[in-house]
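Please read them with the sequence and the model side by side.

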Amino acid sequence: MSATEGRERRADKKDGLMERLHDPTQLRVVLMLIVLAIGYGAIFMPFDKVVADARRDLAQSEKLLKLAGEVDLLRKEYRLVETRLAKSTDSNEWMQYVLEKIRQSPLTLVSFNPGVVDSLGPYKVVTLKIKLSGAFGELDEFLCWIESNPRLFRVNNIALGAVRGKDKATGRVEMELTVLGLMG
């Protein structure tokens with residue numbers, strides 16, 4: 001096949017194609033394909049990136065909104081207990097506070113050991129290990145004081161037992177407890 005024959009064949013195909021485009025149905029199909037290609041290239045492709053960016057921004061904004069709601073809820077919860085938190089973070093002040101209550105009661109202090117000060121989130125927690133002796137009703141009053149205290153105390157561990165030795169016949173009870181106090 002010579003170069004002239006190849007050109008003639010291409011010209012015949014081109015003439016055949018142009019001849020087919022004179023048919024209105026085929027012309028519509030070709031024009032629709034051209035319009036679709038232009039629409040996809042000129043409209044869909046650029047806007048697809050814009051839509052993807054907008055979706056990513058929306059997801060990030062939703063996360064921030066959820067976080068802001070959680071922060072607001074935490075602030076409301078903090079306001080509920082704010083008055084119960086001591087302003088100082090001195091563990092000695094906490095020990096003196098508990099000891100003052102024990103001194104005012106008829107209980108006998110057997111031992112008092114302050115533990116280490118730990119962290120609980122942004123707050124400090126003081127641990128007090130207390131061993132008391134007294135009548136069951138007096139020990140109950142002390143526990144009620146801890147639970148209804150304006151400060152935030154929690155009894156972490158408690159053990160009750162009969163007093164040993166010479167005070168055994170008096171009906172006194174020994175209580176060993178671990179108290180956690182949340183400092184401001």
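1. Of the 184 residues of the protein, 21% count as buried, where buried means under 20% relative accessible area, exposed over 50% and partly exposed in between (1.4 Å probe, protein chains only). This is a predicted model, in which local features need pLDDT of at least 70 and side-chain atom pairs count only at pLDDT 80 or more, while totals for chains, interfaces and linings use all residues. Residues are numbered from 1 along each chain as its sequence is written, and side-chain values use heavy atoms, with hydrogens and water left out.

2. The protein has four helices and four strands, taken as DSSP runs (helices H or I, at least four residues; strands E, at least two) numbered from the N terminus. Along the sequence they follow the pattern α-α-α-β-β-α-β-β.

3. Among contacts (heavy atoms within 4.5 Å) between residues at least 6 apart in sequence, 63% join residues at least 24 apart.

4. Thr 127 lies in strand E2, which covers residues 123–134, and counts as buried because its relative accessibility is 13%. Leaving aside neighbours within four places in sequence, Thr 127 is in contact with Asn 113, Pro 114, Gly 115 and Val 116, and also with Thr 178, Val 179 and Leu 180.

5. Asp 12, by contrast, counts as exposed because its relative accessibility is 54%, and this residue is found in helix H1 (residues 3–20).
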